[in-house]
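My entries follow in the order in which I looked things up.

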Amino acid sequence: MIDLDDLIREATEDDRAGGLPDERIAAAVARAGTRRRRRRVARIAGAAAAGTAVVAVGVTLSVLALTGPGPGTSGEGRVWTEADLLPWGDVYPFVNAVRERHGSETYELGPRYRDLPPHPAIRFPAGVSYSDAVRRMWRARNAGRAVPPGAEIVPPLPAGRVVLVADGRVTLDSAAPEGYDTLYGRVAGTAIGNAPPKGDLSLPRCQVLLGADDPVAPCPTAVRHPPRIVERSTGDWVDVPIAPTPVAPTEAELGPLTPSFAGAPPLPREEIPPFIVREADVDNTAPAEFRNCGLDLASVRLVASSAAGVRLYVADGVDRGHWVFVLVNGAPRSVSACGDLRATFLTRGAHLEYGGPPSHPHFIAGITADGYTSATVDGITVPIEHNAFVIDGAGRSGIVVTITGPAGTRRIRQP
Amino acid sequence: MNDDPASCVPRALAGHRDAATALARRAGRVAMPIASIALGGRDAAADVVQDVVVDVLRDLRGLRDPLAFDAWVRRIASRRVVRAARTERLRRSRELPIADDLADGGGESRVLVRMSVADALRRLPARQRVALSLRYAHDLTDAEIADALGCRPGTAASLLSRGREALRADPGLRALVGADTEQEARL
């Protein structure tokens, strides 16, 4: 007779020995250090904002004592004017971008909603839909005006809410009228220089108040796919249907031509670069594949990089049939793909992404099936490690990529 | 480097990277066995343990007693592992270590035992699985397991008892342990 405890102890002997590999320790220390610094900055900024708010409240109370309440007065008696609007800049029309340094790169990103100082809202005339209100704000800001014609400054909306629809009038958060992404909390906004946002804009349900007494639960961040609503032309707000997750192929179906990202244990996870977050999670700009693949965008694995700063990441997908490849260069510009790529690996041996114009890509990055060890483009040969490679400065002849290895040689022409 | 929390915690909080790294290693050694047993292998556990280490370093300021570092890490690890055990995301990587062992020809019977135990554990509810992992990883008492899981000792004892009962009833383990154990369990 064998004792159950002895059996399990024997079976788990390997599990009890050792700790985390050094590379993961280093990655964890780096990630924790980044977050500590960010929180310290946030605390300092918060303290500064609090100090500013105290001074502002004092000044406002003094003004109120002299003038009494007026338009845009909150329940507490504060007068909100154009002067209270947060500054906006040449990237986002509703609030200034923040510059954050991550690794060797500095990024201009939307600020986090929770870090915004108190700011007023903007109320529109009756008959203006939410989407039209956003477009009016966008056009006004692009024209250098703080408030669109016919709109007025009103006290702030409740925390977490960016839209209030009451008495047939739409009121928008003046700094985040397009809401904020629910995964990282960054303010969304169509950038200046782009076309104004088109169509019926949707928002996470919990960021909208439909009536002043709308009983909606708190609006948390760190939610990947929150329920969303959109206003139809009739003025009704309806739920946005959630796209079904694609059916993933089974392990057996994928066969040996699938990239295994050679590494056991797998490459360490890194916090997803913030530029990618902006690309991936701001709803109006997110490629559909990010939303539909059910990918874990909280972290990614760096599988290849180049001297010019192109970095190729792979995000964990719902199954082996789905990956996302995210390439970042210093421009900044990113390219991404997600989907069932079995056919690509079977017929071409690799999935390629090109940076820049198709005829003159300034980088080519690829994920190859197992069994390939080097890639050649325009006379430049680079090794393939972890099923991935990046080549800088491929010229016109870069439209043909040759991959070689024990699995054979493949010449892949740009489609 | 010495990883004694009494000296490393204040130094890590003061910004010394070597102290933070030493604590990270220690946290990894505490968390890895728990996660590895509960999730069925070190590769499957690595992501979770890395997240545990990040949590530990990030929240270090909240640790009141540096001497309670290991128990604190176990609490964080238990939370993370319970959450991970409740998802199916790790299914694929959980199966890899066994396949690797088989491919390496690392002793068929040992692999069979590992596979059977891993399968049996996998069928348990997450908290039972983590309670048993805490017991087998660090030989903790019921009270220590309760502390790690944030429950009362009676609840921990109940989780352990039900988990062991389910393991004894598992067909794969019964074949390995033998019928006597089954009779013993009924007594």
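I began at A:Ala350 and asked which residue of S17(A) stands opposite. I found A:Thr368 there. Strands here, like helices, are DSSP runs numbered from the N terminus, with at least two residues (E) for a strand and at least four (H or I) for a helix. I took two strands as paired if DSSP finds at least two bridges between them. S16(A) and S17(A), the latter covering residues 363-368, pair in the antiparallel sense over six bridges.

Before going on, I noted that this is a predicted model, in which local features need pLDDT of at least 70, side-chain atom pairs count only at pLDDT 80 or more, and totals for chains, interfaces and linings use all residues. For bookkeeping, residues are numbered from 1 along each chain as its sequence is written, chains are lettered from A and ligands numbered from 1 in the order in which they are written, and side-chain values use heavy atoms, with hydrogens and water left out.

**Chain A, the three-stranded sheet**

I then traced the sheet around that pair. It is open, with three strands in the order S16-S17-S20 (chain A) and antiparallel pairing. The edges are strand S16 (350-355) and strand S20 (388-392) of chain A, each pairing on one side only. From one strand to the next, the twist averages 15°. As a reminder to myself, strands of a sheet pair through backbone hydrogen bonds, either parallel or antiparallel.

Next I looked at A:Asn387, which lies in the loop between strand S19 (380-383) and S20 of chain A. Its phi is near 60°, a positive value in a residue other than glycine. Is A:Asn387 buried or exposed? It counts as buried, at 6% relative accessibility. The cut-offs I used are under 20% relative accessible area for buried, over 50% for exposed and partly exposed in between (1.4 Å probe, protein chains only).

**Chain A, around S6**

I moved on to strand S6 (residues 169-173) of chain A. Four of its five residues are buried, so S6(A) is largely enclosed by the rest of the structure. I found two partners for my notes. Strand S3 (residues 121-123) of chain A pairs with S6(A) in the antiparallel sense over three bridges, and A:Arg123 stands opposite A:Thr171. Strand S5 (residues 163-166) of chain A also pairs with S6(A) in the antiparallel sense, over four bridges, and A:Ala166 stands opposite A:Arg169. S5(A) and S6(A) form a hairpin with two residues between them, and A:Asp167 in the turn has a positive phi of about 55°.

**Chain B, overview**

How many helices and strands does chain B have? I got 11 helices and zero strands. Of its 187 residues, 51% count as buried. Taking contact as heavy atoms within 4.5 Å, I noted that residues 24 or more positions apart account for 58% of the chain B contacts with a separation of 6 or more.

**Chain B, helix pairs**

Two packed helices are described by the angle between their axes and the distance between the axes. The axes are lines fitted to C-alpha atoms, for helices over the stretch in contact, and angles run from 0 to 180 degrees between N-to-C directions. Angles under 35 degrees count as roughly parallel, over 145 as roughly antiparallel, 65 to 115 as roughly perpendicular and the rest as oblique.

I first took helix H3 (residues 42-58) and helix H4 (residues 69-85) of chain B, which pack at about 135° with their axes 9 Å apart. H3(B) and H4(B) are therefore oblique to each other. Their contact includes B:Val52 and B:Val56 of H3(B) and B:Trp72 and B:Ile76 of H4(B).

Then I checked H8(B) against helix H9 (residues 153-169) of chain B: the axes come within 8 Å and cross at roughly 100°. H8(B) and H9(B) are therefore roughly perpendicular. Among the residues that meet are B:Ile145 and B:Leu149 in H8(B) and B:Pro153 and B:Leu160 in H9(B).

My last stop was B:Asp139, in the loop between helix H7 (126-138) and helix H8 (142-149) of chain B. B:Asp139 has a positive phi of about 50° although it is not a glycine.
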